[in-house]
Amino acid sequence: MTQTPAPGDRVRVERADRTYEGVLLPSSTERQLVIKLEGGYNVGIDREQASLEVLETDVYDVETAQAEDSASEVEFDDSLPTISLISTGGTIASTVDYRTGAVTAQFDAEDVLRAVPDLAGRANYRGRVVANILSENMEPVIWQDLARAVAEEIEAGADGVVVMHGTDTMQYSASALAFMLETPVPIVFTGSQRSADRPSSDNVMNAVSAVEAAKSDCAEVLVCMHATESDTTCALHRGTRVRKNHTSRRDAFETVGAQPLGAVDYDDESVTFHGEYRERGAADLAVTEALEEDVELLKFTPGMDPAFFDVVEGSAGLIIEGTGLGHVHTDLIPKIESLIDDGTTVVMTSQCLEGRVCDRVYDTGRDLLEAGVIEGEDMLPGTAKVKLMWALANADDTEEAIRTSLAGEIQERSVPWTAGR
């Protein structure tokens, strides 16, 4: 008689030419078998295409584990600060979709608390969901929703805010909030490069470190992610100076043109800062959420078809990612001048990771300035796009706003971003 498998049994599953052994987990669909392998990974297998053998029964008490997990709550403690956890989705708030085998955003902020029990005892928490998307689906309208949500949480008494966000577009969202909000408390973005079902996941350390940063004295928009591949320190990057520089490493994020603003030591839970920052309570809460969405970012490459500039004709703003000090092919300058004459604000940035735009050195640069191009100093191209969207909607003088550092996006001096690593 064939034994009917139950969640918690150790099983062997054969499908095609592959064999899997592990613990059978509950599945959200009758069509899928969900197996937790020895290495910690989960795999979803179509029941109709697999044969299953029970090796050992009741090796894991799934029902008790689920009950303990669902009962994991953080009680209010008057002696602790209040931190708002705002979820937008992303890998830090993801699980495995066993229909496709891919990672999908499913958790809300309350699920994050249950998934990261190490957060307990560090603060009182309020959970809020602004969006439940993977970060490649982020849009400016969600930045506006997020800015309003953060402001409401601060108005309600939050001592700090942690935004759970996918890593792919986190730098854009952090920049957006840095321009849209004057904040009296820390606003800390965090995420994870690897989902919670993977043994190498960075979600716990990043979430815990982000909460510690949100309790700190730095009232700015920060990005908190692994500083190295080791589970020792999280770097605190200023939201307007950070860039994701690796597709999958846990220490993918870097501050460009400077050292990270601060760090969180995971072992002793200390937070230190290495540069000047706006202190807690130094600013009153203010929100300027308007954005001009008709702004594009265009990267110049040798041999580029001039027709690309026809596509952006009529746009309110254009960021050009030029070469070196801020150059494009000289034949493109008349097209750029025509865009500017028709009302498009054009800002020049550089493809280089370090240094600043200076269009006064070579003839091409001088011709671009004469055409009306605004130098983007040492702003990151993505940050420049977000800033131009904000400036066109809110600033009295767009060019002055672009050339003025409003949220630490422009530095007086650019230094190698890899120094001291």
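Helix 4 (170-180), strand 11 (181-182) and strand 19 (286-287) each supply at least two residues to the lining of the second largest pocket, and helix 4 gives the most, with three residues. Helices (H or I, at least four residues) and strands (E, at least two) are DSSP runs numbered from the N terminus. The model is a predicted one, in which local features need pLDDT of at least 70 and side-chain atom pairs count only at pLDDT 80 or more, while totals for chains, interfaces and linings use all residues. Residues are numbered from 1 along each chain as its sequence is written, and side-chain values use heavy atoms, with hydrogens and water left out.

The second largest pocket holds about 370 Å³ of space and is lined by 22 residues, among which A178, E182, R278, L406 and A407 lie nearest its centre. A pocket is an open set of points on a 1 Å grid over the protein atoms alone, where a 1.4 Å probe fits, with protein on both sides within 12 Å along at least five of seven lines, and lining residues have an atom within 4 Å of a point. The volume is the space filled by probe spheres set on the points, which are joined across faces, edges and corners.

An open sheet of eight strands has mixed pairing and the order 9-6-10-12-13-14-17-18, two strands being paired if DSSP finds at least two bridges between them. Strand 9 (124-129) and strand 18 (271-273) stand at the edges with a single partner strand each, so one side of each is left without a neighbour in the sheet. Strand 6 (residues 82-87) pairs with strand 9 in the parallel sense over six bridges, and T82 has N124 of strand 9 as its bridge partner.
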